[in-house]
Amino acid sequence: MRKSLLLLLVFGLALGLALPVLAAEFSLHGDFNNRFQIYTNQNDFFRAEQQGQIREKKVEDNFGEIKYRLWTEASTNDGDAKGVYAIELGGIRFGESGKGGEFSGDGVNIETRWAYTDLQIPWIDSKNRLQLGLNSQKINQYFWAETVLGVKNYGSPTDLIDYTAAWFRPIETNAGTKDETGQDLDAFYGRLNFKPTDGLLVGLFGLYFYKDDPETSDPIEDRDYLIKKFARDAEFNMYTIGIDGSYKRDVGAGNLFFNYDLIYQGGEINNTSFTSTGAGDQTLPNNGGRADDDFDMNAYFFHLDVGYKWDKPKLTYTFWYASGDDDPTDKDFEGFLAVDVDSFDNHIIFESLVDDDVFTERNYILDKGFIMNKLRFDYQATAKLKAGVAAM
């Protein structure tokens, strides 16, 4: 590409044109994922939980599918400006209708995964950058880790500190029936990471959701107790703050390590209603529904990994606690609320064995919370082969 630009410059000079000196770099990347599920006796786990319920008896199946992702990066040779665009052919089962899995292979199956520009901010230190567009954002792996459109400023003033300040807009509402503004869902996010001592990482973060009175409002059901699922139908004045990080230390013949997350949620979610669909709540009014319009948030999440890693073996104990709601008829939301996450801590409940087919995008059960104790042993047999066993 640089040779082409040089030839273009020489050609322009030969014509007597005043052309700027240009230099650019282009790269093309790909992830071609082919996977096969040989057997499952609970095929419902490969459908979203909102679509149905887990059956008491076996639902046996097998399948093959593909997920191909291609992305290109274009940047100036000094790295001051970069553009990234990614497309994905995602989760297509062999023989699946509508997506091109059937005869002839025709279907509508291309999606945009990333589309963003990343710029060095002029006249400021080279470690201060601005990102605009659609990109994967990891606020916290148990709260929100997905793609979203927005503007993000990030940088590293020193080797011991880095920061992020961002504005995201996951929902845009055209005010068609009301004169009021503020009906869009806006997220204001900040994070500060630092390394106080060798091996210790500490992250402080906060995110505030704001959304005014919605034009339309549908009841929130416990099956949809996930911000992504009901954000359009409620008013938000809600904040989430937390601390996360890790610690590693050489001990004996290996490394002792800790990973931790502590999150608190407060504020309000208003102008909506809540309905509990659980069988145990059938005696409550309106099938367990709360008719109140306004709800106070008061929820917690805690996660801890404690482990030891030798050369090839690794032993990890994991605990997490997501607070649950103890009274489906009061005016409080005490169940922890995620935005959109894919959990990789539990293959049985939260994660399917192929990464496009997840049973749930949250790490708790309905609005009831979740407590987990897990012991896992991994063995890195070769550079490309790892085997593991876990008990929960």
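Which residue forms a salt bridge with Glu 146, and how far apart are the closest N and O atoms?

Modeller: The partner is Arg 113. The closest N and O atoms of the two residues are 3.6 Å apart. A salt bridge here is a Lys or Arg side-chain nitrogen within 4 Å of an Asp or Glu carboxyl oxygen. Before going on, note that this is a predicted model, with local features needing pLDDT of at least 70, side-chain atom pairs needing 80 or more, and totals for chains, interfaces and linings using all residues. Numbering runs from 1 along each chain as its sequence is written, and side-chain values use heavy atoms, without hydrogens or water.

Now the setting of that pair. Glu 146 sits in strand S6, residues 144–158. Arg 113 sits in strand S4, residues 110–120. Helices (H or I, at least four residues) and strands (E, at least two) are DSSP runs numbered from the N terminus. Glu 146 is buried, and so is Arg 113. Buried means under 20% relative accessible area, exposed over 50%, partly exposed in between (1.4 Å probe, protein chains only).

Your pair is one of 15 salt bridges in the structure. Another joins the side chains of Glu 361 and Lys 228, at 3.0 Å from N to O. Glu 361 lies in the loop between strand S16 (332–333) and strand S17 (370–382), while Lys 228 belongs to helix H2 (residues 227–230), so this bridge ties together parts 133 residues apart in sequence. The relative accessible area of Lys 228 is 42%, so Lys 228 counts as partly exposed.

Next, Arg 376 and Asp 378. Their salt bridge has its closest N and O atoms 2.8 Å apart. Arg 376 has a relative accessibility of 25%, so Arg 376 is partly exposed. Asp 378 has a relative accessible area of 5%, so Asp 378 is buried. Salt bridges also form a network, and the residues linked in that network are Arg 169, Glu 172, Asp 184 and Asp 186.

Strand S17 comes up again in a surface feature. Trp 310, Leu 315, Tyr 317, Leu 375, Phe 377, Tyr 379 and Val 389 make a nonpolar surface patch of about 630 Å². Two elements, strand S15 (313–322) and S17, each give two or more residues to this nonpolar patch. The largest share, three residues, comes from S17. Patch residues have over 30% relative accessible area and no salt bridge, with nonpolar side chains joined within 5 Å and like charges within 9 Å. Areas are Shrake-Rupley values. Val 389, one of the patch residues, is placed in strand S18, residues 385–391. The relative accessibility of Val 389 is 56%, so Val 389 counts as exposed.

Strand S15 also holds Ala 322. At 2% relative accessibility, Ala 322 counts as buried. The C-alpha atoms of Ala 322 and Phe 302 are 6.6 Å apart in space. In sequence, Ala 322 and Phe 302 are 20 residues apart. Asp 162 and Phe 194 give another such pair: 32 residues apart in sequence, and 6.6 Å apart from C-alpha to C-alpha. Asp 162 is in strand S7, residues 161–171. The relative accessibility of Asp 162 is 29%, so Asp 162 is partly exposed.

Leu 366 has phi near 50°, a positive value in a residue other than glycine. Leu 366 is placed in the loop between S16 and S17, and Glu 361 of the Lys 228 bridge lies in the loop between S16 and S17 too. Leu 366 has a relative accessible area of 21%, so Leu 366 counts as partly exposed. Asn 271 is not a glycine either, yet its phi is positive, about 55°. Asn 271 is found in the loop between S12 and strand S13 (274–275). With a relative accessible area of 27%, Asn 271 is partly exposed.

Back to your contact, then.

Terms used. Accessible areas come from the Shrake-Rupley method with a 1.4 Å probe; for residues, only the protein chains shown count as cover.
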